[in-house]
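Good morning, and thank you for coming.

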Amino acid sequence: MIQPFTSEPIQWVSEDGRPLRELPARFTPELLRELHALMLRAREFDRKLITLLRQGRTTFYAQSSGMEATQVGLARSIRVGHDWVWPYYRDHTLGLAMGVPMFELISQCLGTNSDTCRGRQMPHHFAAQAQNFVSISSSIASQVPPAAGNAMAQKYLGVDEITVCTFGDGATSEGDWHAGLNMAGAAKAPALFVCENNQWAISTNLAAQTASENIHIKAKAYGMPGFYVDGNDIVAVMEVCAHAAEWVRAGNGPALVECLTYRVGSHSNADADAEKHYRTREEVEEWLGRDPITRVEKLLEFLGHPVSAEERAALIAQTHREVDEQVIQAEATGQPDWRIIFEDVYADIPAHLRDQEAFLREENSSAGQEVRA
């Protein structure tokens, strides 16, 4: 039985890959291999996107390396395309695991014509309509109150959808976070709040964020259960998040899950060389030893179904080829035209914007640029 408010994170698999309790029947070697492939694909996507960043082909990227079990596990615990997800800006692994095409993510990061956001959104801030994956925002915790409102609407409509809202530990210091959880709790709304506690909010560690012993205990203030799980143990994440999601779906009100994990990379390209400025290399090395991908590999080895070095290398090479090919395809679609700034906002364009568009059209025409009909 999964209990809320445990003093230690719930674990199913130890760091050496040995099950600490009986594995649920669904965790067959085939499923574990599938989860491993998803996690490794996301890790290598991270590495390739950092390369694109350093080449100047995009301008912002926030890695999720080290957090793959949390995000893949959550993706496999909800009804994709049925439930609604209000994510935070480090959730591309969640998106990939939910089936968001890699081409869409790459197009959005590059801001090409194939970008569904049409180049208007900050890089690495994607949305995916088919998966009910709401557009990412950089404003910390700004997604929490709208997510609570979304869940309240679901309750009003009487549907069996739930709203999933993710955030980092730093978001719990924001007023929006408390307002959103309070609102959802008071309304008994079907919201699953998931804290991806990677222990660093840019350069501020968890101890400086809160005097609470952890994050999930804060759920008590808002009348909901708080679950504490080892975010690097994908079996535990899937079991706890699935339990919490179905508890919410059953009409019991909201729940909070805290996944204890670690961001092994920098916060973003804005704070490269984090170890030189606000954390020690020893701390990072310690968490590298708790790698969620390695843990799955050790579990498979324990079960007698090891992932060979050749298989691992082939998965990595496949992802690198996939990224390279889709970058070429995305860039081949070209850059969005300047005229789109006047589109998709108003059904009837106001007079002052029509004047501005006419001015820019004339200016570009006189400069020799092609005028679109």
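Predicted model: local features only at pLDDT ≥ 70, side-chain atom pairs only at ≥ 80, totals over all residues.

The buried residues of helix α10 are covered by several elements, including α1 (29-54), α2 (68-75), β6 (226-230), α8 (234-252) and α11 (309-332). Helix α10 itself runs over residues 292-302, and its buried residues are Pro292, Ile293, Arg295, Val296, Glu297, Leu299 and Leu300. Buried here means under 20% relative accessible area, exposed means over 50%, and partly exposed is in between, with a 1.4 Å probe and protein chains only. Helices (H or I, at least four residues) and strands (E, at least two) are DSSP runs, numbered from the N terminus.

Residues are numbered from 1 along each chain as its sequence is written, and side-chain values use heavy atoms, with hydrogens and water left out.

What caps the N-terminal end of α10? Asp291 does, with a side-chain oxygen 2.7 Å from the backbone nitrogen of Ile293. Just after α10, Gly304 takes a positive phi of about 85 degrees.

Let us turn to the interior. In soluble globular proteins, nonpolar side chains tend to be buried together. A nonpolar core is a set of buried Ala, Val, Leu, Ile, Met, Phe, Trp, Tyr and Cys residues joined through side-chain atoms within 4.5 Å. The largest such core has 71 residues, and Phe45, Leu192, Ile234, Val235 and Val257 have the most contacts inside it. Helix α1 gives the most to this core, with eleven residues. Apart from this core lies another, of 22 residues, among them Leu181, Ala184, Phe193 and Leu256. Contact means heavy atoms within 4.5 Å. Not counting residues up to four places away in sequence, Val257 touches several residues, including Leu192, Phe227, Val229 and Val240.

Next, consider a loop. Is Arg279 buried or exposed? Arg279 lies in the loop between β7 (255-260) and α9 (281-288), and is buried, with a relative accessible area of 4%. Its side chain makes a polar contact (a pair of N or O atoms within 3.5 Å; within protein, one must be able to donate a hydrogen and the other to accept it, and residues adjacent in sequence count only if both atoms are side-chain atoms) with the side chain of Tyr262, at 3.4 Å. The backbone oxygen of Val264 lies 3.1 Å from a polar atom of the Arg279 side chain.

Finally, the charged pairs. A salt bridge is a side-chain nitrogen of Lys or Arg within 4 Å of a carboxyl oxygen of Asp or Glu. How many does a search of the whole structure find? The search finds 24. In one of them, Glu34 pairs with Arg76, the closest N and O atoms being 2.3 Å apart. This pair links distant parts of the chain, with Glu34 in helix α1 and Arg76 in the loop between α2 and β1 (84-86), 42 residues apart.

Another salt bridge joins Asp160 and Arg79, whose closest N and O atoms are 3.1 Å apart. Asp160 lies in the loop between α5 and β2 (163-168) and Arg79 in the loop between α2 and β1, so the pair ties together parts that are 81 residues apart in sequence. A network of salt bridges links Arg79, Asp83, Asp160, Glu246 and Arg249.
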